[in-house]
Amino acid sequence: MKRKMWLSLTLSALLVTAVGCGDKPEGGGTTQTGSGGEAEKKSYSIAISQIVEHPSLDATREGILAALKDAGISEDDNTLKIDYNNAQGDPANNLSIGQKLKDTKADLVVAIATPSAQAVAENVKEKPVLFAAVTDPVDAKLVSDLQKPGGNVTGASDTNPEAAKQLMDFISTNFPDVKKIGLVINEGEANAVVMAKTAEEALAEHGIELVKAAVTNTSEVKQAAESLVGKVDAYYITLDNVVVSGVDAVIQTAQKNKIPFFSSDRDTVEKGAFATVGFKYYDHGYQVGQMAVEILKNGKNPADMGVTKPDKLDLILNTKVAADYGIEVTDAMKQEVKDPDNNIIE
């Protein structure tokens with residue numbers, strides 16, 4: 001009789017332990033429990049590293065968070081906690097953020113822009129990492145294979161080499177007097193160097209020379225732009241975070257001297273550049289956010305998630321500022337825009 005009672009008590013204890021422990025939710029995160037003991041929504045935490053604040057990168061971050069929210073992961077209902085870190089364009093801050101995140105408890109780390117991604121990838125080895133707004137993930141040594149990353153890092157590239165080529169074709173066709181294009185560039189950014197090379201090769205096919213003015217920080221952008229006046233027939237910038245952060249100086253210099261200005265991102269065109277071939281960075285971020293959902297909710301492994309890139313490219317024109325650059329917008333220019341309702345800014 002005593003033996004039967006002992007067995008009964010032991011089984012009861014085991015059942016209590018099993019119920020109390022439970023299983024860890026798939027895909028990371030923690031499960032919130034209501035006051036009545038009922039299971040509620042899972043909650044997740046992400047750490048974000050962003051090199052600097054400017055429209056394209058901010059729109060990327062907004063797109064990421066929107067995709068998470070659409071999947072039921074949001075700060076609004078306490079299912080998401082965000083550790084947001086902005087380096088304010090300072091390389092030392094960027095490295096410190098990467099080192100700080102080495103021991104993060106977050107379920108996922110998101111790095112926005114190439115310098116941030118490099119610093120994070122160098123330090124974060126035990127957590128999944130997603131990058132966004134990176135021009136060339138292979139050249140930046142974030143992944144060795146775009147289709148099969150193989151490690152804990154993957155994400156979305158924000159460039160398609162065809163974009164720069166199409167833009168240079170547009171310039172050559174519609175601006176026959178342009179023989180030299182000025183490029184303000186921070187050659188310390190790998191993404192800027194890669195894009196500059198692509199543009200230079202595309203321009204060479206049209207007999208157009210790329211003239212560079214180097215900068216190391218945003219405060220030097222104005223002087224660099226002014227140094228090109230009288231030497232070039234147009235301005236162009238890449239997805240260069242230092243330069244984009246100080247792009248107002250390029251716009252002002254270009255308009256003052258009636259020099260056409262072309263950019264590599266839609267946000268800069270909306271801000272005042274004349275044209276680009278590109279896409280919306282919000283959509284780019286949303287794509288990365290969908291990858292984040294796959295990792296957090298569905299347990300996907302970054303090693304098996306190929307790097308994505310924009311595939312819906314279009315010419316984007318800001319006709320409102322054309323006169324400021326001494327540009328006459330022709331029907332031929334407008335006809336090159338596939339989606340005029342969205343990509344001709346009037």
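## Residue classes and model

In the counts by class below, Ala, Val, Leu, Ile, Met, Phe, Trp, Tyr, Cys and Pro are taken as nonpolar, Asp, Glu, Lys and Arg as charged, and the others, Gly among them, as polar. The model is predicted.

## Largest cavity

The structure contains 2 cavities of 30 Å³ or more. The volume of the largest cavity is about 100 Å³. It is lined by 16 residues, of which Thr159, Ala163, Met195, Ser264 and Val277 lie closest to the centre. Two or more lining residues come from each of α5 (161-174) and β11 (275-278). The lining divides into 10 nonpolar, 5 polar and 1 charged residues.

## Second largest cavity

The second largest cavity has a volume of about 80 Å³. Its lining includes His54, Ser56, Leu57, Asp158, Asp240 and Tyr281. The elements α2 and α8 (241-245) each give two or more residues to this lining. By class, 5 of the lining residues are nonpolar, 5 polar and 2 charged.

## Packing of α2 and α11

Helix α2 (residues 55-70) and helix α11 (residues 281-298) have axes that come within 6 Å and cross at roughly 40 degrees. The two helices are therefore oblique to each other, and the crossing is right-handed.

On the α2 side the contact includes Ser56, Ala59, Ile64 and Leu68, and on the α11 side it includes Tyr281, Tyr286, Val288 and Leu296. The contact residues comprise 12 nonpolar, 7 polar and 2 charged. Ser56 and Tyr281 belong to this contact and also line the second largest cavity.

Notes. Residues are numbered from 1 along each chain as its sequence is written. This is a predicted model: local features need pLDDT of at least 70, side-chain atom pairs count only at pLDDT 80 or more; totals for chains, interfaces and linings use all residues. Side-chain values use heavy atoms; hydrogens and water are left out. Axes are lines fitted to C-alpha atoms, for helices over the stretch in contact, and angles run from 0 to 180 degrees between N-to-C directions. Helices (H or I, at least four residues) and strands (E, at least two) are DSSP runs, numbered from the N terminus. Angles under 35 degrees count as roughly parallel, over 145 as roughly antiparallel, 65 to 115 as roughly perpendicular and the rest as oblique. A crossing is left-handed if the near helix is turned anticlockwise from the far one by less than a right angle, and right-handed if clockwise. Contact means heavy atoms within 4.5 Å. On a 1 Å grid over the protein atoms alone, a cavity is a set of points where a 1.4 Å probe fits but cannot get out, and a pocket is an open set with protein on both sides within 12 Å along at least five of seven lines; lining residues have an atom within 4 Å of a point. Grid points are joined across faces, edges and corners, and a volume is the space filled by probe spheres set on the points.
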